[in-house]
Amino acid sequence: MIIKKADLEAMAARPAQYPEGDLPEIAFAGRSNVGKSSLLNLLTGRKKLAYVSGSPGKTRTINFYRINDSFRIVDLPGYGYARVAKSVSQDWGEMMERYLKGRSNLVKVILLADIRHAPSRQDVEMYDYLRYYRLGGIVAATKADKISRNQMGENIKVIRDTLDLLPEDKVIPVSSLKKTGHDLLLEEMEKLLED
């Protein structure tokens with residue numbers, strides 16, 4: 001898949017602000033500091049499409065990006081950042097749950113996990129939730145440039161074991177810095193949209 005066109009279509013805090021459910025959507029979820037914005041910019045070939053912040057936890061809305069006028073990439077708010085007030089993180093949780101449960105044109109949610117660390121308790125909870133709603137199956141292991149090739153297989157195994165992935169579930173190592181792995185992720189996204 002080649003992304004030729006990518007535009008921010010909506011920033012939504014509640015369903016009334018979502019764009020029409022007329023296009024298939026692939027959402028991205030992950031911890032606040034996992035590199036989601038950088039990966040979305042890499043996938044779309046746009047340096048500043050998704051805002052990359054120096055301080056995690058800045059995305060407080062669900063951001064809808066219209067891609068090639070044929071589908072949407074949806075950037076879900078990051079979770080697990082300790083400096084955010086409990087009431088705010090609770091609001092995010094409810095916002096995400098409303099979207100995940102109620103969006104009939106949602107095809108898949110790609111979970112982002114930092115390849116350097118075992119997935120957190122919140123990552124496991126998120127993946128269990130995605131699996132329950134049949135939205136799991138793909139994990140993008142970010143920051144792959146931070147570990148050696150020798151560590152790669154072992155760290156992917158830790159991700160697979162911690163999230164209790166099925167044999168057919170995919171873990172794709174990606175690096176926004178080195179611009180690697182995104183082509184494989186785009187291939188998987190293309191397959192999802194063809195199905």
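## Ile67 and the sheet around it

User: Which strand is Ile67 found in?

Analyst: Ile67 is found in strand E3, which covers residues 62-67; here helices (H or I, at least four residues) and strands (E, at least two) are DSSP runs, numbered from the N terminus. This is a predicted model, in which local features need pLDDT of at least 70 and side-chain atom pairs count only at pLDDT 80 or more, while totals for chains, interfaces and linings use all residues. Residues are numbered from 1 along each chain as its sequence is written, and side-chain values use heavy atoms, with hydrogens and water left out.

User: Is Ile67 buried or exposed?

Analyst: Ile67 is buried, with a relative accessible area of 0%, where buried means under 20% relative accessible area, exposed means over 50% and partly exposed lies in between (1.4 Å probe, protein chains only).

User: And which residues does Ile67 touch?

Analyst: Leaving aside residues up to four places away in sequence, Ile67 touches Ile3, Lys5, Ala6, Thr44, Arg72 and Ile73, a contact being heavy atoms within 4.5 Å. Of these, Lys5 is 62 residues from Ile67 in sequence, yet their C-alpha atoms are 5.6 Å apart in space.

User: How many residues of E4 are buried?

Analyst: Five of the five residues of E4 are buried, so E4 is largely enclosed by the rest of the structure. Phe71, Ile73 and Asp75 point one way, whereas Arg72 and Val74 point the other way. In a regular strand the side chains alternate between the two faces of the sheet.

User: Zooming out, what is the strand order of the sheet?

Analyst: The order is E1-E3-E4-E2-E5-E6-E7, in an open sheet of seven strands with mixed pairing. The edge strands are E1 (6-12) and E7, each of which pairs on one side only, and the twist averages 25° from one strand to the next.

User: What about E6, which strands does it run parallel to?

Analyst: E6 pairs in the parallel sense with E5 (residues 106-114) over four bridges, and four bridges also join E6 to E7 (residues 170-173), with those two strands parallel. E5, helix H3 (residues 121-132) and E6 make a right-handed β-α-β unit, and the crossover from E6 through helix H4 (residues 149-163) to E7 is right-handed. Right-handed here means that, with the strands pointing away from the viewer, the path from the first strand over the helix to the second runs clockwise. Five of the five residues of E6 (residues 138-142) are buried, so E6 is largely enclosed by the rest of the structure.

User: Switching to helices, at what angle do H1 and H5 cross?

Analyst: The axes of H1 (residues 36-44) and H5 (residues 182-194) come within 10 Å and cross at roughly 75°, the axes being lines fitted to C-alpha atoms, for helices over the stretch in contact, with angles from 0 to 180 degrees between N-to-C directions. That makes H1 roughly perpendicular to H5, on a scale where under 35 degrees counts as roughly parallel, over 145 as roughly antiparallel, 65 to 115 as roughly perpendicular and the rest as oblique.

User: Which residues make the contact between H1 and H5?

Analyst: Leu39, Leu42 and Leu43 of H1 meet His182, Leu185, Leu186 and Met189 of H5. All three of those H1 leucines are among the buried residues of H1, and eight of the nine residues of H1 are buried, so this helix is largely enclosed by the rest of the structure. Just after H1, Gly45 takes a positive phi of about 70°.

User: Last one: which strands does H5 lie across?

Analyst: H5 lies across E2, E4, E5, E6 and E7, running at about 135° to E2. For the protein as a whole, 48% of the 195 residues count as buried.

Note on methods: Two strands pair if DSSP finds at least two bridges between them.
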